[in-house]
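Let's walk through this structure together, one chain at a time. Keep the picture open beside you as you read.

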Amino acid sequence: MTLDQLLADTKPALSQIYTDDLPELSQARDWQSKYRILMQLGRKLPPMPEKMKQPPLLVKGCESRAWLMHYYNQHQDQHYFVLDSEARIVKGLMAIMLCLVNGMSNAELKKFDLAQAFDKLNLKPYLSQSRSSGLNAMMLRIKACCH
Amino acid sequence: MAGATSLIQKLNINEIKSYKAMLLKQFFGGLQQIPGLDILSSPVHNAGIVALNVQGEHPANVAELLNQQAVAVRGGQHCAMPFFSQLGLAGAVRFSFAPYNNEADVTTSLQALTQAVEILTA
């Protein structure tokens, strides 16, 4: 599998998560429901083939291993990412992050405020300190792809 | 560290040992009622640490669901990467019991773990 194929498989999954799952997630009233949805999201993203999970793609600062790949469409000024994690809650949270940032321009990505976005989804109070640190590490890695 | 040392000096070390053994007995007994666990720690010669995994789950998931229920555990490789690599495990969830814990804490931990397993296997 190539990065192009992985990006093509990830795109409809992210689109479905954005339209169907994010509203459901923000309306879920208790932590059990939120986490059940988060774990389902992790399953919706296509897995990154083992061969592609090379050490340079590992995101430091995550409690469980997570890998991030980046593609920049220079003509259209759009950033695209694919990711995987060995922990499905982490993968679900990162799927949300990708939904929000995939296709952003340099300027949009630089301005993007993850904490504010998670606050809007009513997720912030449900994240442990170590989970927030892992997400911030992933966000720093994503923002480092800006030119 | 000074506070912890001072507390231990005030307590009888044998009493601490038998108190923790009582908590561990309760905890290990409760674990037998929860399906789908791989218990890595031995109930004997145990200083108060119980490492376990929910079968097929990354320990970070289990730790996160316990954290939601105000049960603080460590989940991961506990700075022992070569050891866990040798075991072929991504890590473990580590419960630690100390003299400041009581039977209610053990009960809470078991209930929280039961709920975490239910969510993960639903």
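Helices (H or I, at least four residues) and strands (E, at least two) are DSSP runs, numbered from the N terminus. What you're looking at is a predicted model, where local features need pLDDT of at least 70 and side-chain atom pairs count only at pLDDT 80 or more, while totals for chains, interfaces and linings use all residues. Residues are numbered from 1 along each chain as its sequence is written, and chains are lettered from A and ligands numbered from 1 in the order in which they are written.

Start with chain B, which has five helices and four strands. Along the principal axes, the C-alpha trace of chain B spans about 45 × 30 × 25 Å. The radius of gyration (taken over C-alpha atoms) can be set against the globule rule, 2.2 Å times the number of residues to the power 0.38. For 122 residues a compact globule would have a value near 14 Å, and chain B, with 15 Å, agrees. The unreviewed UniProt entry annotates residues 4–107 of chain B as "domain: Aminotransferase class V"; such annotations may be inferred rather than shown by experiment, and positions are in the numbering used here, with feature names shortened. That stretch, residues 4–107 of chain B, is 45% helix and 16% strand.

Now over to chain A, with six helices and two strands. From the N terminus on, they run α-α-β-β-α-α-α-α. The radius of gyration of chain A is 14 Å, close to the 15 Å from the globule rule for 147 residues, so chain A is as compact as a globular protein of that length.

What's inside? A residue is buried if 20 or more other C-beta atoms, placed from the backbone, lie within 10 Å of its own. By that count, 32% of the 147 residues of chain A are buried, and for the 122 residues of chain B the figure is 27%. In soluble globular proteins, nonpolar side chains tend to be buried together. A nonpolar core is a set of buried Ala, Val, Leu, Ile, Met, Phe, Trp, Tyr and Cys residues joined through C-beta atoms within 7 Å. The largest one has 49 residues, and A:F81, A:M94, A:A95, A:L98 and A:M138 touch the most other members. Helix α3 (residues 88–101) of chain A supplies the largest share of this core, nine residues.

Finally, see where the chains meet: residues are in contact if their C-beta atoms, placed from the backbone, lie within 7 Å. Twelve residues from chain B and 14 residues from chain A take part. On the side of chain B that touches chain A, α3(B) gives the most, with five residues.

Notes
Contact = placed C-beta atoms within 7 Å. Buried ≥ 20, exposed ≤ 12 C-beta atoms within 10 Å, placed from the backbone.
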